[in-house]
Every structure is written in C-alpha cells, then in structure tokens.
Amino acid sequence: MHMQIGILFNVPRGTSQGEPRDFISEEGVLEEVEAVERSLKELGYASIRIPLEEDVGELILRIQDLNPDVIFNLCESFRGESLPQMNIAGVLELLRIPYTGSGPLAIGLSQDKALTKGILSSYKIPVPKYQVLSTPEFEVDLSLSNSSSREETQVFREEELPFPLIVKPLYEDASLGIDNGAVVNSLEALRQRVRYILDRYRQPAIIEEYIQGREINAAVFGNAPARVLPLSEVDFSRFPPHLHRICSYEAKWVKESFEFQNTIPICPAILPLEVETQIVEIALKAYHTMGCRDYARIDLRLDATLNPYVIEVNTNPDISPEAGFIRSILKSGRTYTDFIRELLGFVLERSGDSSRIPTPERSGILPS
C-alpha cells in the first residue's frame with residue numbers, strides 16, 4: 001500500500017503586523033506536523049515534510065518534483081499573514097494534488113468574518129449583529145436601520161449595535177487581536193479599539209454584538225454525511241469580574257497567563273437536549289453553507305436564554321493533540337491516529353482512489 005504522502009505547512013517566521021506574541025500560535029503548526037507524521041508512521045505510511053517558506057515558486061517546484069499521492073494541508077498563513085492561506089489550497093487545486101481539508105473558496109470566504117456572517121444570515125443561521133469599520137473617525141447615526149454593509153462602514157449605527165460590543169480584526173483567526181480590551185462599553189473605547197486594529201493589524205475591524213453567555217465549540221467531521229462530534233464548552237466561570245468571558249489570545253495560547261490556566265474545556269458540554277439538538281443542526285448547516293470539507297470547527301455563543309449564535313467558522317482549525325477539535329475526536333471514541341486514517345480516506349475517496357482507502361484492517365500498523 002505504498003503512497004507518497006506530503007505534509008505541507010507554513011514555516012513560522014513572524015510578521016510585521018500584529019503583536020510580537022502572535023508568533024506563539026503561528027509556531028503551533030509544528031506540533032500539528034509532528035502529530036500527523038507520527039500517526040502516518042503508525043499507520044504504516046512514510047511521509048515527507050513540505051515546508052512553505054518565502055517563495056511560492058519553490059514550493060510549486062518541490063511539489064511537482066515529489067508528485068505526492070496526497071498532501072495533508074496544514075498551511076494557516078503565508079509570510080506570516082493569515083489571509084493568503086486560501087491561495088495555498090488554490091495552488092494544490094491547480095496542480096491537481098489531492099489534499100486534506102476545505103478548498104480555497106471555503107477557506108477564503110470564512111477568513112472574512114463579515115462575509116461569513118452575511119452568508120450565514122442569508123441562510124437564516126443566527127449570527128450576532130455586526131458592522132465593519134475602517135476608520136476610528138466614524139460618524140454616529142441613530143436613525144439608520146438598514147442591515148450592515150461595507151458601503152456604510154464609516155457610519156456607526158449605535159441604535160442597532162448597543163454596547164457592550166466586541167471588536168476583532170476582520171480577517172484573522174486563532175484569536176489574534178482579541179484580548180480583554182476587545183470588549184468595549186463606550187464610543188470612545190470603540191474608537192480606540194478600532195484604531196488599535198487598524199494600526200496593529202492593518203485591516204478593518206468587525207464590530208459585533210457581544211453575546212454574554214456560554215461558548216460552545218462544535219467539531220464537524222466528514223462529508224457524506226458530516227457529523228458533529230461531542231460538543232465542547234469553554235468554561236470561563238473562574239474568571240474574576242474584571243475579565244471578560246471571552247476566548248482571548250491569552251486564553252488560547254499564552255500558557256503562563258491567568259486566562260489560559262483558568263479557561264476550562266468541558267467535553268462533552270452539559271446542555272439541555274433541545275439546545276444541543278439545535279446547536280448540532282446549526283453547526284451542520286453552517287458547515288455545508290460555507291462549503292467546508294473533511295473537518296471544521298464552528299464556534300457559537302449562547303445568550304441568556306440559551307439561543308445559539310455562530311461567531312466563527314474555522315475551516316482549518318488547529319489539529320494538534322491538545323487542541324479543542326481533537327478533544328472532541330477523542331470523546332467520540334476515536335484515537336488521534338483514527339482521525340488521521342479517516343481524513344486520509346476522505347481524500348482518497350474524493351480522488352477516486354477508493355481501493356487505497358485505509359481501514360483498521362488494511363493499515364499496516366508498525367510495531368511500537
């Protein structure tokens with residue numbers, strides 16, 4: 001069952017925008033590479049690392065030279081920026097190399113938080129109210145009542161978006177640009193935060209209704225059918241009153257921080273059955289609406305009466321062994337290696353190479 005399997009990943013290099021600490025999450029891709037490599041070896045496959053550095057031309061030549069049967073696409077950025085990651089999937093499409101995960105269109109659409117919310121809301125999927133602002137010198141108009149659009153970003157519609165609000169970079173993921181100051185309670189704080197996003201992350205800010213409730217992660221796995229794995233809750237109940245109960249960059253990545261050490265994952269989440277059913281339906285609908293493939297994580301917030309709202313669609317979530325997505329995989333009864341085996345099977349099925357789909361029986365598990 002010889003196959004040439006490549007593991008494609010972005011080499012962490014830092015970026016000229018954002019905070020210096022943002023390098024922590026970028027560096028996390030190396031844990032994913034090692035974990036995927038280990039599981040492929042356990043399944044009896046040799047793999048080869050394909051690092052993406054500064055020159056995409058060199059990457060293309062490297063892939064053409066290797067001509068792998070399958071690529072595990074772990075690229076989350078290019079030259080330290082998140083937005084171009086869709087182009088890497090596009091390169092694989094053009095080279096006709098089968099690869100794991102979503103295609104370039106789904107990755108690109110979900111990278112834009114406003115575009116994502118616009119698409120989801122058009123399909124009656126609940127999302128927080130939102131607006132995009134590209135200047136801190138916006139005007140305030142209480143009389144406008146139309147829904148958000150890019151053309152109106154210089155006029156803040158306070159009547160539609162009452163405080164508190166949460167302010168995020170429009171195109172980033174992994175909680176980049178989100179700290180305790182992201183939740184604002186006044187016009188002045190909003191202006192300061194928009195200015196921070198523009199200056200530090202060099203992109204517009206998305207202003208969202210702050211849903212002050214529980215946060216739920218829905219890991220969706222597979223294609224036909226896709227399934228929602230055991231739901232996971234991010235518990236902030238240990239936070240003192242001065243910390244907003246949000247999954248900030250500190251809570252997600254900075255291990256020595258109070259937020260990281262006191263953000264407790266609960267999987268499976270304890271929810272009323274009707275709420276769990278509603279979340280599962282919404283997560284699947286969001287997954288299919290955005291064109292996700294193989295795996296994705298849908299993040300939701302629940303309001304005071306447990307109504308769910310989709311806040312993020314992550315087409316390329318962290319799949320390192322300690323990540324939330326893998327927590328749900330393990331709770332579903334799978335091992336990490338089971339996950340990699342099934343993921344490989346999705347790609348082979350898609351490429352019409354079903355005879356090589358690995359099963360537990362076919363896999364040549366190597367002795368430890």
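**Entry 1: two loop residues with positive phi**

I began with Asp-294, which lies in the loop between α10 and β14 (295-302). This is a predicted model, and I keep that in mind for every entry below. In the model, Asp-294 has a positive phi of about 70° although it is not a glycine.

Ser-175 sits in the loop between β7 and β8, and its relative accessible area of 8% puts it under the 20% limit, so Ser-175 is counted as buried.

**Entry 2: cis peptide bonds**

I noted a cis peptide bond between Phe-163 and Pro-164, with omega at about 5°; Pro-164 belongs to the loop between β6 (155-156) and β7. I noted another between Cys-267 and Pro-268, where omega is about 5°, and Pro-268 is found in the loop that runs between β13 (264-266) and α10 (273-289).

**Entry 3: the antiparallel sheet**

I followed β7 into its sheet, which is open, has 4 strands in the order β4-β9-β7-β8, and is paired in the antiparallel sense. Which strands stand at the edges? They are β4 (130-133) and β8 (183-184), each of which has a single partner strand, so one side of each is left without a neighbour in the sheet.

Inside the sheet, I traced strand β7 (residues 165-169) against strand β9 (residues 205-209), and found that 5 bridges join these antiparallel strands. As a point of reference along this pairing, Ile-166 stands opposite Glu-208 in β9. Helix α7 (residues 187-201) lies across β4, β7, β8 and β9, and runs at about 10° to β7.

**Entry 4: the parallel sheet and the helices on it**

I then turned to an open sheet of 3 strands, in the order β2-β1-β3, whose pairing is parallel. Its edge strands are β2 (47-52) and β3 (70-73), each pairing on one side only. On average, and with direction ignored, neighbouring strands of this sheet are turned by 25° against each other.

Strand β1 (residues 5-10) pairs with β3 in the parallel sense over 4 bridges, and within this pairing Gly-6 stands opposite Ile-71 in β3. Helix α4 packs on the sheet and touches β1, β2 and β3, its direction making about 175° with that of β3. Helix α12 lies across β1 and β3, and runs at about 125° to β3.

**Entry 5: helix α4 against helix α5**

I stayed with α4 and asked how its axis crosses that of α5. The axes of helix α4 (residues 85-95) and helix α5 (residues 104-111) come within 8 Å and cross at roughly 175°, which makes α4 roughly antiparallel to α5. On the α4 side, the residues in contact are Gln-85, Met-86, Ala-89, Gly-90 and Glu-93, and these meet Pro-104, Ile-107, Gly-108 and Gln-111 in α5.

**Entry 6: aromatic rings**

I searched the whole structure for aromatic pairs and recorded 12 of them. One of these is the tilted pair of Tyr-249 and Trp-253, at 6.5 Å centre to centre with 40° between the planes. Tyr-249 and Trp-253 are 4 residues apart in helix α8 (residues 249-253), so they are separated by about one helical turn. Both Tyr-249 and Trp-253 are buried.

The pair of Phe-325 and Phe-339 is also tilted, at 5.7 Å centre to centre with 50° between the planes. This pair links distant parts of the chain, with Phe-325 in helix α11 (residues 324-331) and Phe-339 in helix α12 (residues 336-350), 14 residues apart. Phe-325 is buried, with a relative accessible area of 1%, and Phe-339 counts as buried at 0% relative accessibility. Ring pairs join Phe-325 and Phe-339 with Phe-221, Tyr-295, Tyr-336 and Phe-346 into a cluster.

**Entry 7: arginines over rings**

Arg-191 lies over the face of Phe-138, at 4.2 Å from the ring centre, and Arg-293 lies over the face of Tyr-99, at 5.0 Å from the ring centre.

Definitions and conventions:
Residues are numbered from 1 along each chain as its sequence is written. This is a predicted model: local features need pLDDT of at least 70, side-chain atom pairs count only at pLDDT 80 or more; totals for chains, interfaces and linings use all residues. Side-chain values use heavy atoms; hydrogens and water are left out. Two strands pair if DSSP finds at least two bridges between them. Contact means heavy atoms within 4.5 Å. Axes are lines fitted to C-alpha atoms, for helices over the stretch in contact, and angles run from 0 to 180 degrees between N-to-C directions. Rings of Phe, Tyr and Trp (its six-membered ring) pair if their centres lie within 6.5 Å; planes under 30 degrees apart count as stacked, over 60 as edge-to-face and the rest as tilted. Buried means under 20% relative accessible area, exposed over 50%, partly exposed in between (1.4 Å probe, protein chains only). A charge sits over a ring if NZ of Lys or CZ of Arg is within 6 Å of the ring centre and within 35 degrees of the ring normal. Angles under 35 degrees count as roughly parallel, over 145 as roughly antiparallel, 65 to 115 as roughly perpendicular and the rest as oblique.
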